[in-house]
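This report describes the folded arrangement of a single protein, for a reader who is new to structural analysis. Please examine the sequence and the structure shown below before reading on.

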Amino acid sequence: MGLKIDYWRAEVERLWALDDASRNNFLSTMLADVRPTSAAGESLGSLDELYRAPVLSKEGLRRLSEDLPDASKTFGRHTAGTTGDPTRIWLSKDELGRMLGVRDYCMSHYGVQLGDREGRIWGRPQNGWKPWLKDCLMNRRVFHPLGPDALETVKAILAYQPGYLYGYSSLILEAARLVEAHQLDVPTLAVVICTAETILPSQKAYIASQFRCPVAEEYGSTEFDIIAFECRNGHRHLVNPWLLVEPTEEGAVVSDVSRRTQSIVRYAQGDAVQVEDVACTILGASECLTAIEGRSINRFAFVSATEKFHAVEFARAMDSYFEDKNVQFRFCVEQRAFGRFHLMVPAQDQTDECKLKQHVERHIHEAAGCEITVEIGPLQSAGKTHYFSSKIEHTNDS
């Protein structure tokens, strides 16, 4: 396809080998050349100008992208996002090549290359010849191990003998549970890459034990593809040398200094993240995402209109429950009213609901000093999930 992936992967390696001063000089030079447009419509030619620019929302991105480029010269990517508002991303060959060069760079850390046989554990496969052709070109098959045919689907994944697995954390976890429950033979895998959903440390260790290979977390988005990727030491490194990531009160703000087809600078990613220098240099930058807490709108659980606690406590409560009981399963917590939370787990799971309810309520009381009520119910979602979502209108963080 003329994407020069090997060239761009080598360029990624070269740029991460630069010292901080040299990389900042490179970014400044590229900004002066590309001059992307800010949310206010101003041309940005330096790092100082970029950092002073206003934050770009999804709505702002759509407004800046109303004039579509020549489709014969660009590649399109589409996302509905967590808000359900459609966003169209346009990329030139070089821009898509950079993204895939970053992806190849990350995968090579685990001895995998783009084009190696991939078992993609995803939502239900799309019908039609275009998705089929794309999967053939990418040397992958898409599987959905949920529902009455889940066991047969997992057997099909293993029979396919992929070089690595890639997909939704919750669905990979479900596949691992079926491997253990039915003592299935697993082919040699280089790595399991979990994306799109939060995964707990105990869940990651469980998946690694069942598939007998490392488990790596990927963090990214349709707009930028991979932003951070986990190294063998367990750090989620920033890995795209053309991106700048700023943790702010409103969540991650990401800028691509190389994008010519579509300006995306100081873009509100929406996820709450923490960035720290961990002094590990085996992959990408030494700056890593030490916390990814999901969409900023879902960061807090409310006990009342004025009392709240951080929703990450639900993840910690479930992680400790999994370790205490030596079990693993998918879950999602949903808030529908102040102080009341629905903890949804797979209906077929043999969980002691009373003990699970008591464990979570006790953890929240001890960790956050809040009294809450937890109700257990069946998990219905068959697609991408997050461990916490709020269905109440009161989401003011002040």
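## Terms and overall make-up

Two strands pair if DSSP finds at least two bridges between them. Helices (H or I, at least four residues) and strands (E, at least two) are DSSP runs, numbered from the N terminus. The model is predicted: local features need pLDDT of at least 70, side-chain atom pairs count only at pLDDT 80 or more, and totals for chains, interfaces and linings use all residues. Residues are numbered from 1 along each chain as its sequence is written, and side-chain values use heavy atoms, with hydrogens and water left out.

The protein contains 11 helices and 20 strands. Of its 398 residues, 53% are buried, where buried means under 20% relative accessible area, exposed means over 50%, and partly exposed lies in between (1.4 Å probe, protein chains only). Contact means heavy atoms within 4.5 Å. Among the contacts with a separation of 6 or more, 62% are made by residues 24 or more positions apart.

Strands of a sheet pair through backbone hydrogen bonds, either parallel or antiparallel. Strand β11 (residues 251-256) is joined to β12 by 2 bridges, and the two run antiparallel. Within this pairing, Val254 stands opposite Tyr267 in β12.

## A four-stranded mixed sheet

A further open sheet has 4 strands in the order β19-β18-β17-β20, and its pairing is mixed. Here β19 (373-378) and β20 (388-390) stand at the edges with a single partner strand each, so one side of each is left without a neighbour in the sheet. Neighbouring strands are turned by 25° against each other on average, direction ignored. Axes are lines fitted to C-alpha atoms, for helices over the stretch in contact, and angles run from 0 to 180 degrees between N-to-C directions.

Strand β17 (residues 332-337) pairs with β20 in the parallel sense over 3 bridges, and Glu334 has Ser389 in β20 as its bridge partner. Helix α11 (residues 353-368) packs on the sheet, where it touches β18 (340-345) and β19; the direction of α11 makes about 140° with that of β19. The loop between β19 and β20 holds Gln380. At 64% relative accessibility, Gln380 counts as exposed. Gln380 and Val345 are 35 residues apart in sequence, and their C-alpha atoms are 8.5 Å apart in space.

## Strand β3 and its surroundings

Both faces of strand β3 (residues 118-121) are covered: Glu118 and Arg120 on one side, and Gly119 and Ile121 on the other, are all buried. β3 pairs with strand β4 (residues 140-143) in the parallel sense over 4 bridges, and Arg120 has Val142 in β4 as its bridge partner. β3 also pairs with strand β5 (residues 164-168) in the parallel sense over 4 bridges, with Gly119 opposite Leu165 in β5.

Helix α7 (residues 150-160) contains Ile157, which is buried with a relative accessible area of 3%. Leaving aside residues up to four places away in sequence, Ile157 touches Ile121, Phe143, Pro162 and Leu165. The C-alpha atoms of Ile157 and Ile121 are separated by 8.7 Å, although these residues are 36 apart along the chain.

## Nonpolar cores

In soluble globular proteins, nonpolar side chains tend to be buried together. A nonpolar core is a set of buried Ala, Val, Leu, Ile, Met, Phe, Trp, Tyr and Cys residues joined through side-chain atoms within 4.5 Å. The largest core has 56 residues, of which Ile227, Phe229 and Trp242 touch the most other members. Helix α5 (residues 93-108) supplies the largest share of this core, 7 residues.
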